[in-house]
Amino acid sequence: MKTKKMIKTLFAGLLCGLLLLALTACGSSTPVIGISQYGEHASLDNCRIGFLQGLAEAGLTEGKDYTVDYQNAGFDDNVAIQIGQRFSANNVALMCAIATPSATACYAAAEDKDIPVVFTAISDPESANLTGGNVTGTSDKLPVTAQLALIRRLQPEAKTIGILYTTSEPNSVSAIAEYEASAPDYGFAIEAIGVTAQSEVTQAADALLARGVDCLSNLTDNNVVGVLGAILEKTNEAGIPVYGSEVEQVKLGCVAAAGIDYVALGRQTGQMAARILRGEAGAADIPYETISEYGIYINSAALAELGITLPEDVAQTAVEAGAQ
Amino acid sequence: MALLELAVSTLTQGLIYALLSCGVYITYKILDFPDLTVDGSFPLGAAVTAVALTAGVNPYLTLLLALAAGAAAGLVTGLIHVKLGVRDLLAGIIVQTALFSINLQIAGSNLTVERGVATIFTAGPTMALFGGLSLLYRKLVVALILTLAVKLVLDAYFRTKSGLLLRAVGDNSTLVTSLARDKGSMKILGLTVANALTALAGAVVCHEQRSFSATMGAGQVVFGLAAVIIGTTLFRRVGFVKGTTAAIVGSIIYKFCIQAAISLGLPANLLKLATAVLFLLILVAGSARKKGGNIHAGAAARSENL
Amino acid sequence: MLELQHVQKTYNPGAVTELRLFDDFNLTVARGEFVSIIGSNGSGKTSLLNLICGSIQPDGGDVRIAGQSILRQPEHRRYQRIGRVYQNPALGACPSLTVLENMALADNKGRRFGLGRGVSRERIPFYRQQLAGLGLGLEDKLGVKMGSLSGGQRQAVALVMATMTPLDFLILDEHTAALDPHTADRIMELTDRVVREKQLTAMMVTHNLRYAVEYGSRLLMLDHGRVAFDCAGAEKAALAVEDVLGRFNALRFDCGGEPAPARRAG
């Protein structure tokens, strides 16, 4: 008897909790935008910030035109699944998914109801099968040739570029392929080392340095970027410059980057979402967009420390991202 | 409506992952073997399924493929432990690590399945039976059927001669030797079955999410153990409740806890902490009832659990 | 029936704790004999049982049953024809299975453990009858989990389980040592009855000199890995506890200066 009572109480408690929260979600009559972000990460945060800015720029006001239900999966695929299901159950007007696992989960959860999904920070929407349905968004495909050109300008004598990447991240794998295809055009060879987990990254960095690479170039690989500080310690000691792939990495101490501005990417995404919310277009009608402009970001302090001089023309267009 | 839908989709998740917790029930509760292969065999099932679905294999058949792949993984862990004498935890770690590469080798990289491809939730026979239901409820029904089928087969198996002997291995392996049976081969058998179920769970998740990711196995051992312990703690005093039922209920409660934590709108960094606190409450509530019963049963329960 | 020929066994060879237990140990047990084995700690009683059952391997010599060497058989194979009751009542059965399920497991010993029904209904009357023979009322507790029975009840069931299928040997490894004196007496009586009824060949290690004298057809006293005293037949029947105790004390006196070697197992 006691057990039954106990189980009843437990389930009642759980249901009450859910009820309360479901009510808070239903309470407002303004459309809800569910934002599912894969994890806490500077670039992904920038996407979200930009997304909200984009909505504002399109003339939508938070609280009046929409409310936001922001959820973060803490890099757990299974939590991302349940976040998507929450959005679907609450009948959100639109799901904004930041990074591939969240986008996959949201898209699966929206399948039943045809809730539009707008994604961002996905390198290859085609291979992630995030095309064709009630889904659109922005891709953060790296400007690889621009990066190669930048490195050539800053290090005219360099021969090999070392790259660390996670073998399971399709974004990284496709970026490596692109690097390898384009590198000969700029007179480079690529030395890439793949890892399976973040714990292996610093060891892999040692291995790259031992192979005598002239510089390192970063992707937007979560595992690698997560321990960028430790990598920079090693490379600075060895006197090897590291190039980033976006502004946040340059802030951390990379010498320079031809990279995406994730806030701009987010803004672009927010504007797409606004069109969908206003009913101007369906997500299915809007093809996904790849950001075509990239910025050149530099960290003067890091450049000076490694004795790299910035050519005048590069300096003119570059944005200083390092500490002043 | 929203609440009902949320409850239905969370229940569906609980039922799907219950396939995994039933597997962990076999290794952890019956064999007394902390099997870490799970973190690798779960995505293995998804990898095999994603590749097979993309290649146009019949969706129902992919479940059998996943079962076979998981069984092979469990078999390897068993052989490493029994024949090479590697400790239980290490044998699991070795196979789990190897599977990370193998899964990526199978799938190429993280892999998604196009919406046009039929899954067990959308294929012809499913639609013929449950086409009248919305996808949300169809998923629930299919997951329920699968999980119940597995539960009934397992319960039936535990009553066979082989099943009794398997239960004896974790309980008292000396007796198994006295019965002139090799306890090692029974352990291998148990690991094989458990990992087949784990891979089946991965396969169903792949059907449901239309994706395989190399990292989807992270934390599944912890989930499985939590589900089994929650379930058995809740039902420890109810003699007629089968272990498989406890594992299934545990899985459902776990998924409800996570959903509750998400719905509370906690910052991501606190999500796991909140989940941990919820488990602790359940475990404490479960064991608090020990004081009520007679001492003997309490002692028996204590020796059986945790 | 059972022959141990020139058996050698040294524990921890080469180490400071090296212990040469058996050096050319020989023993023959005939079919139908009920051998009680006594000896102080470290005399080799339990090692002897383990050598026969296969949980330890000799360094030299041979162990033969019915003229065939069994040294190459793994432990679990040897149990095809050996039944064993342990000192710890928990080792004789599965605590989380019911009495009935335990009986069914024991009943299937020597056969395939396949996907057939674990507990066959037709056999229940037989199990009941076997348990009723114990006189402990266990025939009415078939559905009870083994773990909730008392130590004496468990040991009684373990005895029934160990002797349910045809055996070459019954090994009793201090099987009354963990029980209270009253229950121990009861289990000992039951053991004697089972051995007689089934005409088993049995080897019983015990610390209880009275049991060794009262029960069994042969008495073996081990000391430091050798047979110090061996009597059977009429001589055994005429033996009194005092005689054995005298011999036992004499042994102690002989080697009083030596520290007793560490006990290995059991």
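Predicted model: local features only at pLDDT ≥ 70, side-chain atom pairs only at ≥ 80, totals over all residues.
Biologist: What makes the radius of gyration of chain C agree with that of a compact globule?

Modeller: For 266 residues, a compact globule would have a radius of gyration near 18 Å, and chain C has 19 Å, so the two agree. Along the principal axes, the C-alpha atoms of chain C fill a box of roughly 60 × 40 × 35 Å. The secondary structure of chain C comprises nine helices and ten strands.

Biologist: What makes a residue of chain C count as buried, and what percentage of chain C does so?

Modeller: A residue is called buried because 20 or more other C-beta atoms lie within 10 Å of its own. In chain C, 41% of the 266 residues count as buried.

Biologist: How do you know which element gives the most to the side of chain A that touches chain B?

Modeller: The contact takes 44 residues from chain A and 47 residues from chain B. Elements giving two or more residues to the chain A side include α1 (2–27), α3 (77–89) and α6 (170–182) of chain A. With 13 residues, α1(A) gives the most to that side. The residues there divide into 21 nonpolar, 16 polar and seven charged.

Biologist: Which elements of chain C give two or more residues to the side that touches chain B?

Modeller: This contact takes 28 residues from chain C and 22 residues from chain B. On the chain C side, the elements that give two or more residues are α2 (75–78) and α3 (99–107). The most comes from α3(C), with four residues. This side divides into eleven nonpolar, eleven polar and six charged residues.

Methods. Residues numbered from 1 in each chain as written. Chains lettered and ligands numbered in written order. Contact = placed C-beta atoms within 7 Å. Nonpolar A, V, L, I, M, F, W, Y, C, P; charged D, E, K, R; others polar. Rg over C-alpha atoms; globule rule 2.2 N^0.38 Å. Buried ≥ 20, exposed ≤ 12 C-beta atoms within 10 Å, placed from the backbone.
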